[in-house]
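The sequence and the model are shown first, and the description follows.

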Protein chains: 4
Amino acid sequence: MHKLTQEILEQTITKRANATHKGDYGRILIIGGTEQYGGAVIMNALAAVNSGSGLVTVATHPSNFTALHSHLPEAMVTDYTQDLTAFITKADVVLIGSGLGEQLAILTATLNSVRSDQILILDGSALTLLAEHQLDLPDARIVLTPHEMEWQRLSQIEIAEQTPAKNLAALATFKPSPILVLKKYQTEIYTADQVFQLTIGGPYQATGGMGDTLAGMIAGFSGQFRTSLEQAVLAAVYAHSAIADDLARERYVVLPTQISAEIPKLMHDYANKKLTNL
Amino acid sequence: MHKLTQEILEQTITKRANATHKGDYGRILIIGGTEQYGGAVIMNALAAVNSGSGLVTVATHPSNFTALHSHLPEAMVTDYTQDLTAFITKADVVLIGSGLGEQLAILTATLNSVRSDQILILDGSALTLLAEHQLDLPDARIVLTPHEMEWQRLSQIEIAEQTPAKNLAALATFKPSPILVLKKYQTEIYTADQVFQLTIGGPYQATGGMGDTLAGMIAGFSGQFRTSLEQAVLAAVYAHSAIADDLARERYVVLPTQISAEIPKLMHDYANKKLTNL
Amino acid sequence: MHKLTQEILEQTITKRANATHKGDYGRILIIGGTEQYGGAVIMNALAAVNSGSGLVTVATHPSNFTALHSHLPEAMVTDYTQDLTAFITKADVVLIGSGLGEQLAILTATLNSVRSDQILILDGSALTLLAEHQLDLPDARIVLTPHEMEWQRLSQIEIAEQTPAKNLAALATFKPSPILVLKKYQTEIYTADQVFQLTIGGPYQATGGMGDTLAGMIAGFSGQFRTSLEQAVLAAVYAHSAIADDLARERYVVLPTQISAEIPKLMHDYANKKLTNL
Amino acid sequence: MHKLTQEILEQTITKRANATHKGDYGRILIIGGTEQYGGAVIMNALAAVNSGSGLVTVATHPSNFTALHSHLPEAMVTDYTQDLTAFITKADVVLIGSGLGEQLAILTATLNSVRSDQILILDGSALTLLAEHQLDLPDARIVLTPHEMEWQRLSQIEIAEQTPAKNLAALATFKPSPILVLKKYQTEIYTADQVFQLTIGGPYQATGGMGDTLAGMIAGFSGQFRTSLEQAVLAAVYAHSAIADDLARERYVVLPTQISAEIPKLMHDYANKKLTNL
């Protein structure tokens, strides 16, 4: 098991080339947020935009449009009950599942529409729906971001039995082979043949929405740092907790939205290798 | 009468253990907020989330969903006119009454649904409804947070007559025995056999919503520091005014939302015993 | 003509007594804000709450509730097309007119409901409606806050002719005798027999909503500093521009909402006579 | 091709005269923002108000009113599907097109209503609609703000062929002669006979909404600095990227709303020639 260090940030977060435009930094489509769980997609989007995504569209319940725009006029919105094919077609990255609740039809329509060159991140309710309805994964570049209970539902491995060996074996049964971000104390990231472990972060992150912010960062990083999806995911996971650790120097609990606000500064510091403060 | 000191914070606010998750820090259900008084539950929720609650759900009038999410995407929402049984079942702490107005049916349904192992905090309109309709308290771990007039309605003791002895006697008639937070100049907290007095705080707190923030902090602390409900309540009351005192060093009036924003820093300082600044 | 100095702040803004509560600091009712002009009452309310008002209720078009609560959960709301009598009865101060548009019926109902012991502040559209419909002022403690064009409509004095002598003469025809805040370059404040002039402030304040913030401050100060309505109005006018001057040290334009955010600090400094920075 | 320097800010941003009022600083009408793209007009308006506009009205889809007021109570709103003639008549500057989507009727009605003395800024979707429907420009003082693809649609010049000479030639076919702000790496600004180039700014600006903020700044500057429309446009373009450069000293990506928040400080510094920090 490889322990992640700040090297992953130094390798991944590079200075942007001058003659580039927003299309170079990822078109992200976020799908989720029932009327009850609208905050989840707001946190997804805050994380993606602050990670440097070029264009972010949020497909959600219309009752969430105003709160999203109150936080983030930078994002576009659309009603998730309408046909999303045109939006999916234009996206580099699709993140579905945060606060999606029981919206099975939206999930299946999305699974049916993504292309093999697209990155598809499955989070939260999407993972529970996948497990409950035994849905197949589409041919795409897939990232799964379950916590331990969601992984139990997906893999049939009880939490107490979730060892790296068993997790790798279970992951091998998924086609196509996804990247697995198993959220827990010392989060583990699985690729087809490697396991990485996060050794930073802490219990000040134990608050609702923390995973929604992480999913948004994974979307933002993977749409932007395109040489390696694995590397982008690892960097997002590490950056998320590195910011939390920094904020926790003076806070007992760290709110997900506070993490998003700090992303541009952390990325700047790593792109410029000014690491003294982190 | 015991005077509260910062010792209560030192005793109560402890460092979090590493391998913990949001379920360890309290599932809070906040019920309140008519169309007119929606701000009350927003202030409840800001206080609870900033106090470190793991998961906060707000059951309120749907017209309040957007403003709540504009402040706090970290919270989940649900319509308080729908059946709340499933939400109550999952909660560690139920706070009902801030801005609840005349919603008697919601109060009685809640009183009928709580379990004996749950903490039930009754605030604001819930206290007036209790008194007006002579409702029985359910078998639960109860905290009452009246101001003097609400306590008069509940106890039949005129404000001028509200002495510790009379208040204790009145409290003894409630079954099960609640903790009473009697909000006033030098707030008093009553358990079955003890009286504690707050000697900090000041008139810069004399603004609408201050009590809603306190109720949210009591919910947050009691869902999180579970060894003693009494201690959690005392710590929340003390912390609320300690922050106000600190903010009042440069403000003539302290807004409730400003107090919530400072909770994570105060808790950090006490968990780490860095008290120089408070 | 008396030139206002910071002495008016030193005289007016006093330390609060300890055993006081929110009822001692003014119950303010703000009436205004059509669907188009909802921002006006948001700015009223931000100014009133930050000035230290005990309780603020905003009667406005329901489409404005959410944006108001996004700024200020501390305020309560109600639909201004409903009967406001009960709200008016409980108020110490009624501010009507900011963004009120053509809502004549709401204005006349309010004029018919206020009592002689209440403070009634007439701003913006209320002043235009007063002039257009030649409405009588009710028996109350009245403050008028017109800009020069609104004063022309009310007094029939062309702007170029608005001299102190003529203004005083025109004011004498109003029954009961109001306080007039004539907003202009070097704003003038008229009582029955005196004229005060503001010599601070500047063109960085020339932005929409500045007057709504001033009206909210007048409401906040007059509900709180009750020994003299005249003194409270003068202090609010002076404080509003003193804050603007301070912010303009590093801003080309000062937004109304930025002024409100600074009120608690200015009031603290004057209550404590720490004037070095202003 | 003239390279823009900070001299354009020194020349354009002058100290305001004392006896002035909000009418002197521009009445701006912003038209745009479908239900999906409401964030665009929020960013327009934040930029215009922070640039010092006297009065800003936003004509948009009513679903955007609340989010706009959550950001900016200083702006007024109206439904863009209603007749806007009265609003257009009162405006000094009309900005149309950011997030306007397919609202052709609103665009044509606006083109038919503007007067020759008014400034008309055409942005985003308005430019695409102009090209698709081969609409004539009205007799007004026109500014076009296309990115390269929008300019291709308007001029029929492929992006790779967009040289200054060809752009000038194409621009000469527009009647009346507009100012062209061609947004790209090193943005170019074309008047009838001159070309200016921006050499500041960077890829940290490659995020959605950046152009909406620029359009709002152009509206704000041109409504306020009236001696030369050309100079106002040049100064707005330069200021927009000067702020981005400053923010990018510690941020990997700069959000459009962050730029708007800094406008008053940059303008203050140039009006006072305190340029040390920029």
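## The sheet of chain C

In this predicted model, 10 strands of chain C form an open sheet with mixed pairing, in the order β1-β10-β9-β8-β7-β6-β5-β2-β3-β4; strands are DSSP E runs of at least two residues, and helices H or I runs of at least four, numbered from the N terminus, and two strands pair if DSSP finds at least two bridges between them. β1 (2–3) and β4 (76–79) of chain C are at the edges with a single partner strand each, so one side of each has no neighbour in the sheet.

Strands β9 (residues 188–190) and β10 (residues 195–197) of chain C run antiparallel and are joined by 3 bridges. Within this pairing, C:I189 is opposite C:F196.

## The interface of chains A and D

Contact (heavy atoms within 4.5 Å) links 33 residues of chain A with 28 residues of chain D. The buried area is about 2,500 Å², with 61% from carbon and sulfur atoms; this is the accessible area (1.4 Å probe) that two parts lose on being put together, summed over both.

The rule finds 1 salt bridge across this interface, defined as a side-chain nitrogen of Lys or Arg within 4 Å of a carboxyl oxygen of Asp or Glu. A:K265 forms a salt bridge with D:E250, their closest N and O atoms being 3.9 Å apart.

## Basis of the description

Residues are numbered from 1 along each chain as its sequence is written, and chains are lettered from A and ligands numbered from 1 in the order in which they are written. Local features need pLDDT of at least 70, side-chain atom pairs count only at pLDDT 80 or more, and totals for chains, interfaces and linings use all residues, while side-chain values use heavy atoms, without hydrogens and water.
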